[in-house]
Amino acid sequence: MPHILIIEDDTDINNSTAEYLRRKGCQCSQAFSGTEGQMLWQAGGVDLLLVDLMLPGLPGSELIGEIRKTSQTPVIVLSAKTELSDKVELLGLGADDYLTKPYQLEELWARILVQLRHASAAPAGELLRCRDWVLNPEEMTLTAAGQPVNLTAHEFKIVELLVSRPKRVFTKQQIYEAVWGEAYAVEDKTITVHISNIRSKLRPSGTDSYIQTVWGIGFKLAE
């Protein structure tokens, strides 16, 4: 039974979402402010978070930033903001998905299942190595030049995909469809944002140059 933390200050939305997810067999904790949500998160045992942006107390964007300092637990943002720039910004902060209000509960459930499936995936196999990188697919961890790198689930899968075919150039569409498991939207900046985030996290280890941009095509591992 997955434990989902709903952090939403609109009582009707929070309650209706929790009721629906409980009918789907989920355990739900409900918070109506960012501060309350942070307290429930820190209590542990949460498998996925649904986070509104405009929260009293601690804003949703800051809460996501705090969560990403220590955890890769999936985060789906629920927001009335519809601009692409808002979506890109939230993905940059570490959100795994973004759903615009008003949303259909059936679509929310489908997105939750995708995130839970990604988070629980633990493919068997040996460690993957690439120069100063060591990837553990079972634990979804990356060590770069001896330093642990805290990647989100999607970020890890992007790195794993590149390492699995080190000589291949992947287009943005190929990366998105392989990692997210859904059709790629034209002009979607999701992959660019995630690659930028991965490079930033790798920079302290001096291995950010391992991911090479192939202009006009996509990305590959640098030889």
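Before you start, note that the model is predicted: local features need pLDDT of at least 70, side-chain atom pairs count only at pLDDT 80 or more, and totals for chains, interfaces and linings use all residues. Residues are numbered from 1 along each chain as its sequence is written, and side-chain values use heavy atoms, with hydrogens and water left out.

What counts as a pair? Rings of Phe, Tyr and Trp (its six-membered ring) pair if their centres lie within 6.5 Å; planes under 30 degrees apart are stacked, over 60 edge-to-face, and the rest tilted. By this rule there are two aromatic pairs.

**Stop one.** Select W133 and Y210, a tilted pair with centres 5.0 Å apart and 45 degrees between the planes. The two residues are 77 apart in the chain: W133 is in strand β7 (residues 133-136), while Y210 is in the loop between α8 (190-202) and β11 (211-214). Strands (E, at least two residues) and helices (H or I, at least four) are DSSP runs, numbered from the N terminus.

Buried means under 20%, exposed over 50%, and partly exposed in between (1.4 Å probe, protein chains only).

**Stop two.** Now select Y176 and W180: their ring centres are 4.8 Å apart and their planes at 5 degrees, so this pair is stacked. Both lie in helix α7 (residues 172-180), four residues apart, about one turn of the helix. Y176 is buried at 7%, and W180 is buried at 7%.
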